[in-house]
Amino acid sequence: SINNIKAKNDQELMDLRNLGINDLYVGVESGWDRVLERINKGHTVAEARHQLERLDRAGIRHIANLMLGVAGIGNGLKNARLTAEFLNQTHPSLIWVGTLAIFEGTALHAEMERGAFIPATELEILEEEKSLIAGIELENVHFYGVHPTNTVRISGWLPQDRRKMMAAIDDG
């Protein structure tokens, strides 16, 4: 997590890299502070950017784990835009995408029950994913969206497979 990276000094990060630690899966979830606060990630977008820059300086690649639908109804396109901007700034080696699942007993479930959080529709989530893919300007990065929670499972390299992945979402 971002907080795990934050707890290490730069030398400790370099020591980890020298021991062979690489390709860390980091639960980024979103590039929007409002979303990160709602899901209690414990950091801001600026803090995440800074910590991922520290990983990069230490020579440790990271895999950005994202969550579609996490911004709720009506917010998917903004979440996609802000998340793509964040990814373009932090250069993950792979982008892994799942879809929000709300479980009974969680704070988000309680918010949903009282109407404070309304989940995005499946169509909006697919539009969010298309917008995210369209906004990523990275070269030679794998986009891996095959989690069982995803309505349409896609996988490909950006930018070369962008159209193919977007067409698969359209077909879905």
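Is Asn 140 buried or exposed? Asn 140 is exposed, with a relative accessible area of 53%; exposed means over 50% relative accessible area, buried under 20%, and partly exposed in between (1.4 Å probe, protein chains only). The close-up views below come from a predicted model, in which local features need pLDDT of at least 70, side-chain atom pairs count only at pLDDT 80 or more, and totals for chains, interfaces and linings use all residues. Residues are numbered from 1 along each chain as its sequence is written, and side-chain values use heavy atoms, with hydrogens and water left out.

**View 1. Asn 140 in the loop between α7 and β4.** Helices (H or I, at least four residues) and strands (E, at least two) are DSSP runs, numbered from the N terminus. Phi of Asn 140 is positive, near 55°, and the residue is not a glycine. Most residues other than glycine have a negative phi, and most peptide bonds are trans.

**View 2. Glu 29 in strand β1.** Glu 29 also has a positive phi, of about 70°, although it is not a glycine. Its relative accessibility is 13%, so Glu 29 counts as buried.

**View 3. The cis peptide bond between Leu 158 and Pro 159.** Omega of this bond is about 5°. Pro 159 belongs to the loop between β5 and α8.

View 4. Val 26 is buried, at a relative accessible area of 2%. Leaving aside residues up to four places away in sequence, Val 26 touches Ile 2, Ile 5, Leu 52, His 62, Ile 63, Ala 64 and Asn 65. Such a contact means heavy atoms within 4.5 Å. Val 26 and Leu 52 are 26 residues apart along the chain, and their C-alpha atoms are separated by 9.1 Å.

**View 5. The buried residues of helix α8 (residues 162-171).** Arg 162, Met 165, Met 166 and Ile 169 are the buried residues of this helix. Seen down the axis of α8, they fall within an arc of 95°, so they line one face of the helix; the arc is that of the directions from the helix axis to the C-beta atoms. On the other side of α8, Arg 163, Asp 170 and Asp 171 are exposed. The cover over the buried residues of α8 includes α7 (122-135), β4 (141-145) and β5 (154-158).

**View 6. Helix α7 against helix α8.** Two packed helices are described by the angle between their axes and the distance between the axes. Here the axes come within 10 Å and cross at roughly 170°. Axes are lines fitted to C-alpha atoms, for helices over the stretch in contact, and angles run from 0 to 180 degrees between N-to-C directions. α7 and α8 are therefore roughly antiparallel to each other; angles under 35 degrees count as roughly parallel, over 145 as roughly antiparallel, 65 to 115 as roughly perpendicular and the rest as oblique. From α7, the residues Leu 126, Glu 129, Lys 130, Ile 133 and Ala 134 meet Arg 162, Met 165, Met 166, Ile 169 and Asp 170 of α8. This contact of α7 with α8 has six nonpolar, no polar and four charged residues. Ala, Val, Leu, Ile, Met, Phe, Trp, Tyr, Cys and Pro count as nonpolar, Asp, Glu, Lys and Arg as charged, and the others, Gly among them, as polar.

**View 7. Helix α5 (residues 76-90) against helix α7.** The two axes come within 8 Å and cross at roughly 30°, and α5 and α7 are therefore roughly parallel to each other. The crossing is right-handed; a crossing is left-handed if the near helix is turned anticlockwise from the far one by less than a right angle, and right-handed if clockwise. On the α5 side, the contact is made by Gly 76, Leu 77, Asn 79, Ala 80, Thr 83, Ala 84, Leu 87 and Asn 88. On the α7 side are Glu 124, Glu 127, Glu 128, Ser 131, Leu 132 and Gly 135. By class, the contact of α5 with α7 has five nonpolar, six polar and three charged residues.

**View 8. Helix α4 (residues 45-57) against helix α5.** These axes come within 10 Å and cross at roughly 25°. The crossing of α4 and α5 is right-handed. Val 45, Ala 48, Arg 49 and Leu 52 of α4 make the contact with Phe 86, Gln 89 and Thr 90 of α5.
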